[in-house]
There are 2 protein chains.
Amino acid sequence: MFADAFASDPTALGWMVGSPPPADRLVRFEDGSFFRFPQWRWSFSHWRELVPTVNVARGSGPVSLLPNMERPELDAVMFVPLGGTRPMSWAASLAANYTDGIVVLHKGRIVYQRYFGALAPERPHIAFSVTKSFFGTIAATLIAECTLDPHATVAHYIPELRAGGFADATVQQVLDMTAALKYSEHYGDASSDITSYSRAAGYLPRPPDYAGPRSDYEYLATVPKDGEHGAAFTYRSINTSVLGWLIARTTGKPLHQVLQERIWSRLGAEHDSYLHIDSNGTAQAAGGLNAQLRDVARFGEMIRLGGRYNGEQIVPTNVLEDIRAGGNRAAFAKADYPTLPGWSYRNQWWVSHNRHGAFMARGIHGQAIYVDPKAEMVVARFASHPLAGNLNIDPTSLPAYEAIAAHLLAHAD
Amino acid sequence: MFADAFASDPTALGWMVGSPPPADRLVRFEDGSFFRFPQWRWSFSHWRELVPTVNVARGSGPVSLLPNMERPELDAVMFVPLGGTRPMSWAASLAANYTDGIVVLHKGRIVYQRYFGALAPERPHIAFSVTKSFFGTIAATLIAECTLDPHATVAHYIPELRAGGFADATVQQVLDMTAALKYSEHYGDASSDITSYSRAAGYLPRPPDYAGPRSDYEYLATVPKDGEHGAAFTYRSINTSVLGWLIARTTGKPLHQVLQERIWSRLGAEHDSYLHIDSNGTAQAAGGLNAQLRDVARFGEMIRLGGRYNGEQIVPTNVLEDIRAGGNRAAFAKADYPTLPGWSYRNQWWVSHNRHGAFMARGIHGQAIYVDPKAEMVVARFASHPLAGNLNIDPTSLPAYEAIAAHLLAHAD
């Protein structure tokens, strides 16, 4: 059992307050305390204070308008959590899944916006694997521009990986996470490969006697093949690290610069964002983006609008049509996600195939962008749930989003 | 002999370019390469990519105007380097002392502005000990507001230091660096105390078997007394760390917040700045500020104008009168700086007592703010000189500033 959202409130617990903070209120990278609950309710909103980061500038243009038309009645919208029987209100769901911040856009207007715990509108929060959807969108754009060949192999672009498991996986297989690799991603299990990867890439501190790879790319070369590429969807963050490498290699630019040039500086963002980097300076495409929530919502709105936002076509429309159409549902079904029946995965996006055609960016501990084209709704959420997997968060969020979408469709503002 | 400014140009050398950068072009914190010449010509403009940092926000107000009235004739202004006989041009001096960027304000207008190497107008650069003058100004302001008593001892405010050398030093002695301590600050000498301090505070990587203090504050408690406080000026960065602690303790706020609230958010800065922090989250008052050069120039202009800038009194006028009047010249003379005859040190500022009443903020490797009240001139400079001490940089900068000041006084625009 974990302390609930109120009992684990990072402000009430006083993490890192004082000069110096008391020993039992320190949150540090080097001793791993930054990545423990409830400390991470503070860490997720203070990532750059823990690790090296690189800035992603908003540019010098004006901020794009998100008109505020708050609809307080949303708090009372009811839904039944997945697997449950008792209805829950939208307002109650926010604490139930340890929400740090949530923004709901309807037709491009902010209809709901709340911040909790250590978060505030002007403070960046780590997006974790929501980052993947940013870089998946960029990679798909490079494919549309014929810079990346989706059928070419990873080794074709990255000879450094020709001896490893990624060598003969195609770019599209990496994008859709159907590369077959001997690599497990079980958060909370210290013997899982995600732990070794995290130590190499700088997400976790290294033991004093550490002798493993010292960068994201070094680690990728060590991953063996396990089976046939293309057969099954298996969620592995290292696919996105390879994707980041492919983007950097084919554009000839560092990832943070590509994100800045192609997306961040075009959104009319309120703030710069930033990326966690490893000791090679490589930005963590799989999970390193930190941004303010309204700016993440702007990205979601751009995606909802078929790539056209803030006066320009930021992503080609056909790239977003392809994502919305989804991936291989049979391959996805093999991963057996109980909360995602009938879903698929395409270009680093999770596609629901529900009646509204909703699709998502999803990150551990409850990070999310939920795009509902039919309801003209975008939800952007940051959270700090005590458990990593969205399996624990979906029950109080997916049906809540659907209920809000239905409400917005039924009750014109 | 070191490669000159052109041969050591960090852009030409291609540090951290490539995915990944070639092994001989990596600049990393963990192996110490970030703090070697010529690598640091890159590092100083990419500090947050190497270490944890905390943001210092510019706030939401408009940018304060720095009208551009460039005077290209300044390039040809001649001066004789200290100890030299052959005249040198202002333009040549910039390369001679490895300038990364320089802004000259005259009556609040930009009359000269150049960026070299890895620097660009929108890129922050580490200010090193120029940071001290920001926090010295803040501490002096707290004294003026009667929040800090200059005659009280360090132990009065910080009981954690009551067993160490700082215990009975007064606040003013710490501000003026006349505390008598067993602590040497010889850059380039690995056995100097500055190395131990830097490892504790997170400026340098720790050896694998490291068992020393793990934070700035922990280190400060270990420094013994050596002599009588108040007798002599000795430049020791740990004074400013104690000063930072005094500011945080008496305001009840973290240093980065104090800097943001009292100075940075009031200047009409173009950009946020940021501070290097240790693993306790303590901002490095002695040298951790990273900022864009024009914003540092804005701070200098505020200082020149007696604290009034951007429509408000940011620092009390009497604080700046006190700084301009200087410190104890006899105490300063004992430090025997060959390039600074007749100077003094007051509240973390270096005071020339020359005919123009010029005073400076000074940081290793050539960081500087030079305020010339008579000439109504402010120079802000970032540099990446191969040698730490300003002894190596003063000969081609102090007389150059004086020559530019004389030129601006003599030739009205």
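In this predicted model, helix H4 of chain B passes helix H12 of chain B in a right-handed crossing. H4(B) covers residues 130–144 and H12(B) covers residues 317–325; their axes come within 9 Å and cross at roughly 120°. At that angle, the two helices are therefore oblique to each other. Why quote both a distance and an angle? Two packed helices are described by the angle between their axes and the distance between the axes.

As for who touches whom, H4(B) brings B:Thr137, B:Ala140, B:Thr141 and B:Ala144 to the contact, while H12(B) supplies B:Asn318, B:Val319, B:Asp322 and B:Ile323. Sorted by class, the contact of H4(B) with H12(B) has four nonpolar residues, three polar ones and one charged one.

Chain B also has an open sheet of seven strands, and reading across it gives the order E5-E4-E15-E14-E13-E12-E11, with antiparallel pairing. Strand E5 (109–115) and strand E11 (344–346) of chain B are the edge strands, so called because each pairs on one side only. Neighbouring strands in this sheet are turned by 20° against each other on average, direction ignored. Strands of a sheet pair through backbone hydrogen bonds, either parallel or antiparallel. One of the pairs here joins E12(B), residues 349–351, to E13(B), residues 359–363, in the antiparallel sense over two bridges. Within this pair, B:Trp350 has B:Met360 of E13(B) as its bridge partner.

E1(A) pairs with strand E7 (residues 273–276) of chain A in the antiparallel sense over four bridges. In E7(A), A:Leu275 is the bridge partner of A:Val54.

A:Tyr401 is buried because 27 other C-beta atoms lie within 10 Å, and 20 or more is enough to count as buried. Leaving aside neighbours within four places in sequence, A:Tyr401 is in contact with A:Tyr370 and A:Val379. A:Asn97 is 304 residues away from A:Tyr401 along the chain, yet their C-alpha atoms are separated by 13 Å.

Notes: Residues are numbered from 1 along each chain as its sequence is written. Chains are lettered from A and ligands numbered from 1 in the order in which they are written. This is a predicted model: local features need pLDDT of at least 70, side-chain atom pairs count only at pLDDT 80 or more; totals for chains, interfaces and linings use all residues. A residue is buried if 20 or more other C-beta atoms lie within 10 Å of its own, exposed if 12 or fewer, and partly exposed in between; C-beta atoms are placed from the backbone. Two residues are in contact if their C-beta atoms, placed from the backbone, lie within 7 Å. Axes are lines fitted to C-alpha atoms, for helices over the stretch in contact, and angles run from 0 to 180 degrees between N-to-C directions. Angles under 35 degrees count as roughly parallel, over 145 as roughly antiparallel, 65 to 115 as roughly perpendicular and the rest as oblique. A crossing is left-handed if the near helix is turned anticlockwise from the far one by less than a right angle, and right-handed if clockwise. Ala, Val, Leu, Ile, Met, Phe, Trp, Tyr, Cys and Pro count as nonpolar, Asp, Glu, Lys and Arg as charged, and the others, Gly among them, as polar. Two strands pair if DSSP finds at least two bridges between them.
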